[in-house]
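Please open the model in your viewer and keep the selection panel at hand. The tour goes from one selection to the next and says what is found at each stop.

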Amino acid sequence: MKSAILISPKVMEINQKAHVPFPGPGEVVVQVKAALTCGTDIKAYLRGHPKIPLPSPLGHEFSGDIYRIGAEVEGFAEGDAVMAVHSAPCGECTFCRMGRENLCSTIMEEKVLGAYAEFIKLPERIVKVNMFKKPEHLPYTEAAMLEPLSCVVHGIRSTGFGAMEAEKQKNVLILGPGPIGLMYLMLYKINGAKVMVADIRAGSRAGARRADRLETAKDLGADAVLEGDLQDIAWKVTEETDGLGADLVVEATGQKDIWEGSPSLARRGGTVLLFGGCPTGTRACFDAGRIHYDEIKLVGAFHFTPSDVREAYNLLASGRLNVSKLISGSYHLDDLQTAFDELIGGRGIKFAIIP
Ligand SMILES: [Zn+2]
Ligand SMILES: [Zn+2]
């Protein structure tokens, strides 16, 4: 079967060598119908990734049809159209027992990569809790959004509000109009918040301008789109919020300078969700006075729990999210490199990869 292998940073191969995998007990093999590009894949491609030892298959957002089913799998049959995420918690470790399944001690080691391929094998733990039948009306490309949307649902819950109660946050400021930022926008919008989306020029993003992404933000209902350096954004946010600052700031860029600038955009008593991952070892500095005297809450969020995945599944199945707007086009698996080059060149939001 055909699959994309990242040999070393910037060296990717589409090879034919691998055999179609065979499912053991509890496992299934999915024939991939659509995979999606993700910022994590691009990061891994450009500079490697601490959690992805190379060479490695790549791609983790997908949907498809069950091609072969292992013994003891219940509730599914060969030929079923399914959507899944690429990891699941063990259910037994200390963190799983605390209900913090996203922090499960083996969730990252046991994750499955290789969605840029004709087939992908899913282990028992994913089949049991994080795989769903795809509703017929949902296209495969949109069903493949399950994984990133689960991360976003988890982020929203981490701020202390369920995704469905987001209206408690009046003014939401999203930093970074990438696919994740735009998903936050959609979720907060359907819950009636006033949402501002900002493209900040700072640090390594200086000069980068993603007008197409801000256009999409407007399309998706952003109440304001802001562009400029941190100072410009701070002025505009003050204007938009009657001098208060945002109730909630969502950092979705993973840039150190923007992490550091985020608390200055929140109102007194506001919350900052630091969602975009910076490389491990990065140190960020904040004004301690704002955190203490203004009681600004800094919240980290990573990955997702099975209940986040279920909520993301329900959102996609309900058709309430216009996720098709985040898919800028599609490429055949053989042209994966072109899709990556487009994204690296600053074009497109997400691309569908079709085997
Ligand atoms: Zn992803
Ligand atoms: Zn666990």
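The stops below begin with the domains, pass through the sheets and a helix, and end at some backbone details.

This is a predicted model, in which local features need pLDDT of at least 70 and side-chain atom pairs count only at pLDDT 80 or more, while totals for chains, interfaces and linings use all residues. Residues are numbered from 1 along each chain as its sequence is written, and chains are lettered from A and ligands numbered from 1 in the order in which they are written.

**The two domains**

Colour residues 3-144 together with 322-354 as domain 1, and residues 152-300 as domain 2; these bounds come from an automatic or database domain assignment. The C-alpha centres of the two domains lie 28 Å apart. Nine residues from domain 1 and twelve residues from domain 2 make the contact, where two residues are in contact if their C-beta atoms, placed from the backbone, lie within 7 Å.

**The six-stranded sheet**

Next, select the open sheet whose six strands follow the order β11-β10-β9-β12-β13-β14 with parallel pairing. Strands (E, at least two residues) and helices (H or I, at least four) are DSSP runs, numbered from the N terminus, and two strands pair if DSSP finds at least two bridges between them. At the edges of this sheet are β11 (224-228) and β14 (297-300), each of which pairs on one side only. Now show β10 (residues 194-200), which pairs with β11 in the parallel sense over five bridges; Met-196 has Ala-224 in β11 as its bridge partner.

**Helix α7**

Which residues of helix α7 (residues 211-219) are buried? Select Arg-213, Thr-216 and Ala-217, which are the buried residues of this helix; a residue is buried if 20 or more other C-beta atoms lie within 10 Å of its own, exposed if 12 or fewer, and partly exposed in between, with C-beta atoms placed from the backbone. Looking down the axis of α7, you will find these buried residues within an arc of 105 degrees, so they line one face of the helix; the arc is that of the directions from the helix axis to the C-beta atoms. An α-helix has 3.6 residues a turn, so residues three or four places apart point the same way. The buried residues of α7 pack against α6 (179-190), β10 and β11, whereas Ala-211 and Asp-219, on the other side of α7, are exposed. After α7 comes Gly-221, with a positive phi near 105 degrees.

Move on to the open sheet of three strands, with the order β2-β1-β4 and antiparallel pairing, in which β2 (11-15) and β4 are the edge strands. Strand β1 (residues 3-8) is joined to β4 by two bridges, and the bridge partner of Leu-6 in β4 is Ser-56. Pro-55 lies in the loop between α1 (39-47) and β4 (56-57).

**Two positive phi values**

Most residues other than glycine have a negative phi, and most peptide bonds are trans. Select Glu-72, in the loop between β5 (62-69) and β6 (81-84), where phi is positive, near 70 degrees. Glu-72 is exposed, with 11 other C-beta atoms within 10 Å. As the last stop, select Glu-295, in the loop between α10 (288-292) and β14; phi of Glu-295 is positive, near 45 degrees, and Glu-295 counts as exposed.
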